[in-house]
Amino acid sequence: MNGIVFFKTTDLPLIKQFYSKVLELPEWLDQGTCAIFKIGNQLIGFCQGEFAETAGTITFFLASRYEVDAAYSKFKEIAISQPQPNPGYSVYHFWGRDPEGRSLEFQCFEHALKPHLALDEGLASRRSIRKYLAEPVEEALLNQVFELCRYAPTANNAQSYYYIVIKQQDILSKIVALRGPAGDPILAAPYAIAVASRGNVSRRKVQDACIAAYHLLLAAKAYGLGTCWVTDMDKDEVKELLGVPKDDYIACLTPIGFPAESFSLPKRHEIASFVRQL
Ligand SMILES: Cc1cc2nc3c(=O)[nH]c(=O)nc-3n(C[C@H](O)[C@H](O)[C@H](O)COP(=O)(O)O)c2cc1C
C-alpha cells in the first residue's frame with residue numbers, strides 16, 4: 001500500500017509554482033484541480049478549494065547536515081530560522097513557510113534509519129563511496145542488509161552466492177596490495193565484504209555472483225550504508241586468503257560502512273545513446 005497526503009489550497013497555480021519552481025519538486029500527477037508532488041518517499045497533493053489547509057508540518061529530510069546547510073543556502077528566502085541541532089529528536093533542521101503559511105521543515109536525522117528510500121530514488125542516488133566514518137556497522141544492522149540479499153535472483157533459483165565479511169585488516173591489506181591503488185576504497189571502511197558464488201552449485205556462477213553483489217550494494221544503500229564495487233578479485237591468491245575454493249567465482253570486494261562523503265551524480269549517458277529499437 002502507498003499513500004498521499006492532500007491539502008486544500010485557495011490558489012493552486014501559486015502553490016504549483018512554489019513547489020515545482022522554488023522547491024524544484026517533480027510533479028508526480030496533474031489531476032487538473034489537484035497537483036501531486038513526489039518528494040523522495042513522500043507524495044503530497046494540493047487541491048483547489050475554498051479555504052487553505054495549513055495545519056501540520058511538511059518535513060523534508062535529507063541525508064546529512066551538509067545537505068541541510070545546502071538546502072538552507074538555496075531556500076534562504078523562504079526560511080524562517082537558521083539550521084540548528086534539536087537534540088530532543090536527534091535531528092538538525094531549519095524551518096520555512098510556503099506561500100499560504102504552511103510550516104516546512106528541512107532536516108536530517110542524526111542516527112541510523114530504517115529503510116525509507118523508494119526504489120527509484122535508491123537506484124538513482126546510489127554512489128560508489130570511498131570515504132567512511134570509523135564507526136563500524138553493527139552486526140544487527142548488517143544482518144538486516146543480508147536479509148534483503150536473500151531476494152537476489154539466481155539462475156534456476158540455485159542461490160549459489162555467498163558473502164564473506166572480512167574484518168581482519170591484515171587480510172584486507174594483502175588483497176589491496178594484490179589489486180593496487182584501485183583497491184584502496186577497501187581500506188577506507190572498518191571492514192569489507194567479498195561476494196562469491198559456488199561453481200559446484202550453478203553453471204551461472206558469474207551472473208549469480210554479480211547480481212548478488214549489486215543486490216548487496218542496493219540493500220546497503222537502503223540502510224544508509226556506503227559501498228564500492230572493487231573488481232579483479234577472482235584470483236587464486238585472493239581465494240587462498242579468503243578460503244574460497246578455486247572453482248568458485250569472486251565478483252568483487254566492497255567496503256561497507258557509514259559514508260563520510262556525499263556528492264552528486266557523475267555524468268551519465270542519455271538513454272538515446274544506450275537504447276536501440278529494432
Ligand atoms: C564492474 C565494476 C568494477 C569496478 N571496479 C572498481 C575498482 O576496482 N575500484 C574502485 O574504486 N571502483 C570500482 N568501481 C566503481 C566505479 O568506478 C563506479 O561505479 C563508477 O565510477 C560510477 O560511479 P557510481 O558508482 O558512484 O555511480 C567498479 C564498478 C563496477 C561496476
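In which sense do strand β3 and strand β4 pair, and over how many bridges? Strand β3 (residues 34–39) and strand β4 (residues 42–48) pair in the antiparallel sense, over six bridges. Strands here, like helices, are DSSP runs numbered from the N terminus (E, at least two residues, for strands; H or I, at least four residues, for helices), and two strands count as paired if DSSP finds at least two bridges between them. Within this pair, Lys-38 has Leu-43 of β4 as its bridge partner. The model is a predicted one, in which local features need pLDDT of at least 70 and side-chain atom pairs count only at pLDDT 80 or more, while totals for chains, interfaces and linings use all residues. Residues are numbered from 1 along each chain as its sequence is written.

Turning to the chain as a whole, eight helices and 12 strands are found. The C-alpha trace spans about 70 × 50 × 35 Å along its principal axes. An automatic or database domain assignment supplies the domain bounds, with domain 1 covering 5–109 and domain 2 covering 125–257. The C-alpha centres of the two domains lie 38 Å apart. Of the 278 residues in the chain, 25% are buried; a residue is buried if 20 or more other C-beta atoms lie within 10 Å of its own, exposed if 12 or fewer, and partly exposed in between, with C-beta atoms placed from the backbone. Contacts are residue pairs whose C-beta atoms, placed from the backbone, lie within 7 Å. Among contacts between residues at least 6 apart in sequence, 66% join residues at least 24 apart.

Strands β3 and β4 also belong to an open sheet of four strands, with the order β1-β4-β3-β2 and mixed pairing. The edges are taken by β1 (5–9) and β2 (27–30), each with a single partner strand, so one side of each is left without a neighbour in the sheet. Neighbouring strands of this sheet are turned by 20 degrees against each other on average, direction ignored; the axes are lines fitted to C-alpha atoms (for helices over the stretch in contact), and angles run from 0 to 180 degrees between N-to-C directions.

Further along, β6 (residues 84–86) pairs with β7 (residues 91–97) in the antiparallel sense over three bridges, and Asn-86 has Val-91 of β7 as its bridge partner. Four residues lie between the strands of this hairpin, and Ser-90 takes a positive phi near 55 degrees. Most residues other than glycine have a negative phi. Ser-90 is exposed, with 11 other C-beta atoms within 10 Å. Strand β7 is also joined by seven bridges to β8 (residues 103–109), and these two run antiparallel. Here Arg-97 stands opposite Ser-103 in β8. The hairpin of β7 and β8 has five residues between the strands, and Gly-101 in the turn has a positive phi of about 95 degrees.

Asp-232 has a positive phi of about 65 degrees although it is not a glycine. Asp-232 sits in the loop between β11 (226–227) and α8 (236–242) and is partly exposed, with 14 other C-beta atoms within 10 Å.

Definitions and conventions
Contact = placed C-beta atoms within 7 Å.
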